[in-house]
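The following paragraphs lead through a structure, beginning with a contact between chains and then turning to the folds of individual chains.

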Amino acid sequence: MKNVAKVGLGVLTSIGGYLEVGSIGTALQAGARYRYGLLWALAVGTVCVIFLTEMTGRLAAVSQHTVVDAIRKRFGVSFQIWPLATQSVVDLFVLASEIGGAALALQLLTGASMRVWALPVALLVWALLWFGTFRAIEHSVATLGLITLCFAVAAVKLGPDWHEAVRNLVPHVSHRDPAQYGYLAVAVLGATISPYLITFYSSGGVEERMTPKDLLPNRIVAAVGMSFGSLVAMAIVVLAALVLAPRGVRADTYQESAFILTIPFPRWGFALFCTSLFIGCVGAALELALDLAYIVSQSFGWDWGESQRPREEARFALVYTLALLVAPLPALAGLDPLKLTMFSMAITVVALPIVIGPLLVIMNDKQYLHAQTNGLLGNVAVMVIVALAFVLAVVAIPLQITGAR
Amino acid sequence: MTRRRRIVRVEELLGRRVRADDGRVVGRIEEVRADRRGDVYEVTAYLLGTGALLERLALVRKWFRRRPAKLVARWDQIDISRPDAPRLLCTPEELTCE
Amino acid sequence: MDLVRDVLDIRLVDREGQGLGRVDGILLQLRAGRPPRFVAMEVGAVTAARRIHPRVAAIVRWATRRLFPCVRTTRYAPTLCRDLGVDIELDLVASKNPRLLRMEKWLGRHVVSKLPGGTW
């Protein structure tokens with residue numbers, strides 16, 4: 001019974017915490033410009049994330065150590081500085097996007113400029129981290145994040161062509177503006193397979209004191225939670241295909257897409273969209289700020305843990321404090337959050353191989369995983385994901401140049 | 001080349017090529033083994049390997065059932081006083097395999 | 001004990017589980033006619049930076065002297081090791097030793113406690 005409750009909570013947390021500014025923005029553009037044509041990218045990304053989160057959760061449960069701990073120990077500091085530096089930059093950019101997204105949501109709801117909201121949003125995120133515990137933050141934000149299920153309800157309500165949607169789950173190319181198609185595919189994959197998910201999930205596993213008894217719940221939560229979360233993101237693609245595409249709206253900004261829920265929900269649709277965007281962005285901002293503090297602290301062996309008081313882990317707390325001082329700057333400068341998001345997704349993809357690559361070694365390390373090292377399926381999955389990550393990293397910047405418009 | 005030192009860092013030795021008197025590379029230092037003797041930890045041996053990247057991947061060992069061979073040099077068989085250029089003090093044939 | 005596998009880059013913790021940093025360096029003392037002696041595990045930003053590149057170490061040394069003069073490289077004798085596992089447990093208590101975790105304690109006293117809610 002306890003395990004069922006744990007799994008249920010884990011699944012709800014995954015669903016509620018899945019959507020954020022990157023997944024919303026890329027799904028809107030994908031659906032608006034290519035209708036169902038990029039659903040396969042979400043599906044592929046989700047399969048990758050399921051494998052990766054299961055593995056990092058398993059590492060945390062068996063060894064009570066995180067991916068960063070294992071990388072530092074196995075490869076040494078002269079290698080580890082590269083994923084640390086890369087992921088820190090990526091986390092900061094994505095954090096800035098999330099703060100911008102949340103500020104924009106408040107702008108849409110209140111009419112006051114997002115520049116006014118940037119600092120209060122950052123302050124809210126900081127206060128939740130400073131005064132809250134990991135469990136309280138994770139569960140409360142994820143519970144609120146269940147509001148994003150409104151996208152799924154709306155998509156079903158509009159009666160999409162399910163056959164067409166399912167057909168587009170198979171990877172294919174588009175002949176209409178292939179550079180832009182490729183760029184959006186990369187962006188969707190970057191939004192789905194975020195490096196911070198991997199390090200955050202393993203750190204969360206240690207924070208929650210996962211043990212080998214949690215291996216099966218971890219597997220279920222990874223598979224079911226991420227799948228359901230992905231369905232919500234797919235629902236946004238479907239909605240954009242049904243609402244934005246026929247009206248010629250390209251989803252160049254969140255503002256022009258904000259009416260997307262007013263068709264299925266005339267009275268509450270706009271407020272639902274803005275609230276979903278706000279909650280999704282705040283939740284992701286919490287995770288990203290924490291992730292930055294996790295990876296720096298774990299790399300250098302500092303004490304870390306969201307459930308501790310800030311003065312007991314001063315360096316850990318100050319890392320996320322500094323990050324939240326810097327992250328609102330683009331929003332304060334008025335930089336469009338969607339443009340920053342799409343750029344962040346491209347650099348996320350460039351960072352992927354360097355963060356995921358070491359898993360090939362770590363997940364076969366008996367000193368950490370004992371009898372729970374990867375089997376054949378796990379190792380093949382990691383190799384395919386690493387290969388995919390390398391391909392994406394190579395094509396991301398050229399596609400950003402040729403396909404971003 | 002650095003001068004001879006009394007204090008040497010293990011991380012400076014890691015990966016360094018060990019050369020025999022004839023200049024031949026015998027291997028790279030991959031491990032330093034120590035044993036406790038009373039209150040003191042003393043180095044007993046150095047493990048030399050090829051330093052090959054693939055061999056260090058646990059996956060290769062797992063799939064090809066191949067443990068990379070390592071040469072074991074006793075503490076008195078390698079001069080590490082110049083950490084950037086460790087020198088073999090015996091013949092390569094005197095080293096043992098692990 | 002394999003120094004590279006079991007000691008280098010491993011996290012050090014004290015008897016109370018408080019993190020003391022990672023082993024960034026291992027010092028051997030050379031003795032004429034006798035085996036080298038493992039004398040210290042070293043924890044410090046400059047030690048870690050030296051492994052990346054000597055120039056990085058020079059920058060880190062300059063920065064720590066200017067910005068955090070209280071920060072020092074710390075050395076721990078190997079005889080302090082109580083337990084070798086995924087972490088190395090040392091036979092000491094950091095909170096009782098003013099020379100340990102200087103930066104952490106300084107930041108806690110002079111920065112964190114000055115922020116709202118920093119003393120809770």
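**The contact and the chains behind it**

In this predicted model, the contact takes 23 residues from chain A and 24 residues from chain C, two residues being in contact if their C-beta atoms, placed from the backbone, lie within 7 Å. On the side of chain A that touches chain C, at least two residues each come from helix H4 (67–75), helix H5 (77–110), helix H6 (114–131) and helix H15 (314–326). H15(A) gives the most, with four residues. By class, this side of chain A has eleven nonpolar, five polar and seven charged residues; Ala, Val, Leu, Ile, Met, Phe, Trp, Tyr, Cys and Pro count as nonpolar, Asp, Glu, Lys and Arg as charged, and the others, Gly among them, as polar.

Residues are numbered from 1 along each chain as its sequence is written, while chains are lettered from A and ligands numbered from 1 in the order in which they are written. Local features need pLDDT of at least 70, side-chain atom pairs count only at pLDDT 80 or more, and totals for chains, interfaces and linings use all residues. Here pLDDT is the predictor's confidence in each residue, from 0 to 100. For chain C the mean pLDDT is 90, and 99% of its residues reach 70 or more. The model scores ipTM 0.91 and pTM 0.91.

Chain A has 20 helices and zero strands; helices (H or I, at least four residues) and strands (E, at least two) are DSSP runs, numbered from the N terminus. A compact globule of 405 residues would have a radius of gyration near 22 Å, and the 20 Å of chain A agrees with this; the radius is taken over C-alpha atoms, and the globule rule is 2.2 Å times the number of residues to the power 0.38. Of the 405 residues in chain A, 58% are buried, that is, 20 or more other C-beta atoms lie within 10 Å of their own, against 12 or fewer for exposed residues and values in between for partly exposed ones, with C-beta atoms placed from the backbone.

Chain B has three helices and eight strands, and 26% of its 98 residues are buried. Strand E5 (residues 71–74) of chain B pairs with E8(B) (residues 96–97) in the antiparallel sense over two bridges, pairing requiring at least two DSSP bridges. Four bridges join E5(B) to strand E4 (residues 40–49) of chain B, also antiparallel. Arg74(B) is the bridge partner of Ala45(B), and Thr96(B) that of Val72(B).
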